[in-house]
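Student: I have a new model open and would like to be walked through it. Could we begin with the terms and then go through the parts?

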Amino acid sequence: MAKKEANKQIKITLVKSTIGCLEKQKKTIQALGLRKIRQSVTHSDSESLRGMLFVVKHLVKVEEIA
């Protein structure tokens with residue numbers, strides 16, 4: 001597996017509501033630091049973060065920041 005850049009950042013935006021979602025998905029959104037629709041947060045890229053995003057990929061928009 002190729003090494004990733006150390007300072008790579010990911011911008012995550014909540015685009016859909018968590019109403020009607022599974023409890024695991026709601027808690028994942030909270031753990032990412034998202035509360036309201038169209039709110040954005042920035043995190044450092046990591047394997048654990050990618051796993052969290054996979055769980056809620058239908059609720060968020062992900063952008064890589066250089």
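Tutor: Helices (H or I, at least four residues) and strands (E, at least two) are DSSP runs, numbered from the N terminus. This is a predicted model, in which local features need pLDDT of at least 70 and side-chain atom pairs count only at pLDDT 80 or more, while totals for chains, interfaces and linings use all residues. Residues are numbered from 1 along each chain as its sequence is written, and side-chain values use heavy atoms, with hydrogens and water left out.

Student: Where is aspartate 45 found?

Tutor: Aspartate 45 sits in the loop between strand S2 (40–44) and helix H2 (47–55).

Student: Is aspartate 45 buried or exposed?

Tutor: Aspartate 45 has a relative accessible area of 16% and is therefore buried. Buried means under 20% relative accessible area, exposed over 50%, and partly exposed in between (1.4 Å probe, protein chains only).

Student: Which side chain does aspartate 45 join in a polar contact?

Tutor: The side chain of aspartate 45 has a polar contact of 3.0 Å with that of arginine 50. A polar contact is a pair of N or O atoms within 3.5 Å; within protein, one must be able to donate a hydrogen and the other to accept it, and residues adjacent in sequence count only if both atoms are side-chain atoms.

Student: Now the sheet. In what order do the three strands stand?

Tutor: The order is S2-S1-S3, in an open sheet with antiparallel pairing. Two strands pair if DSSP finds at least two bridges between them.

Student: Why is one side of S2 left without a neighbour in the sheet?

Tutor: S2 and strand S3 (60–65) are at the edges with a single partner strand each, so one side of each has no neighbour in the sheet. From one strand to the next, the twist averages 25°.

Student: How many bridges join S1 to S2?

Tutor: Five bridges join strand S1 (residues 9–14) to S2. Lysine 11 has threonine 42 in S2 as its bridge partner, and isoleucine 10 stands opposite histidine 43 in S2. S1 and S3 are joined by six bridges and also run antiparallel. There, glutamine 9 has isoleucine 65 in S3 as its bridge partner.

Student: What else does glutamine 9 touch?

Tutor: Leaving aside neighbours within four places in sequence, glutamine 9 is in contact (heavy atoms within 4.5 Å) with Thr42, His43, Ser44, Glu63, Glu64 and Ile65. The side chains of glutamine 9 and serine 44 make a polar contact of 3.1 Å. Glutamine 9 is partly exposed, at 24% relative accessibility.

Student: And threonine 13, buried or exposed?

Tutor: Threonine 13, in strand S1, is buried, with a relative accessible area of 10%. Its side chain makes a polar contact of 2.7 Å with the side chain of serine 40. Arginine 38 is among the residues that threonine 13 touches.

Student: Where does arginine 38 lie?

Tutor: Arginine 38 lies in the loop between helix H1 (23–31) and S2. Arginine 38 counts as exposed, at 69% relative accessibility. Its phi is near 70°, a positive value in a residue other than glycine.

Student: Let us turn to H1. Which residues of H1 are buried?

Tutor: Gln25, Thr28 and Ile29 are buried in H1. Seen down the axis of H1, these buried residues fall within an arc of 100°, so they line one face of the helix. The arc is that of the directions from the helix axis to the C-beta atoms. On the other side of H1, Lys24, Lys27, Gln30 and Ala31 are exposed.

Student: What covers the buried residues of H1?

Tutor: The cover includes S1, H2 and S3. After H1 comes glycine 33, with a positive phi near 95°.

Student: Last topic: how many residues has the largest nonpolar core?

Tutor: The largest nonpolar core has 13 residues, and Leu53 is one of those with the most contacts inside it. A nonpolar core is a set of buried Ala, Val, Leu, Ile, Met, Phe, Trp, Tyr and Cys residues joined through side-chain atoms within 4.5 Å. S1 gives the most to this core, with three residues.

Student: What does leucine 53 touch?

Tutor: Not counting residues up to four places away in sequence, leucine 53 touches Ile10, Ile12, Leu32, Val60 and Val62.

Notes:
Axes are lines fitted to C-alpha atoms, for helices over the stretch in contact, and angles run from 0 to 180 degrees between N-to-C directions.
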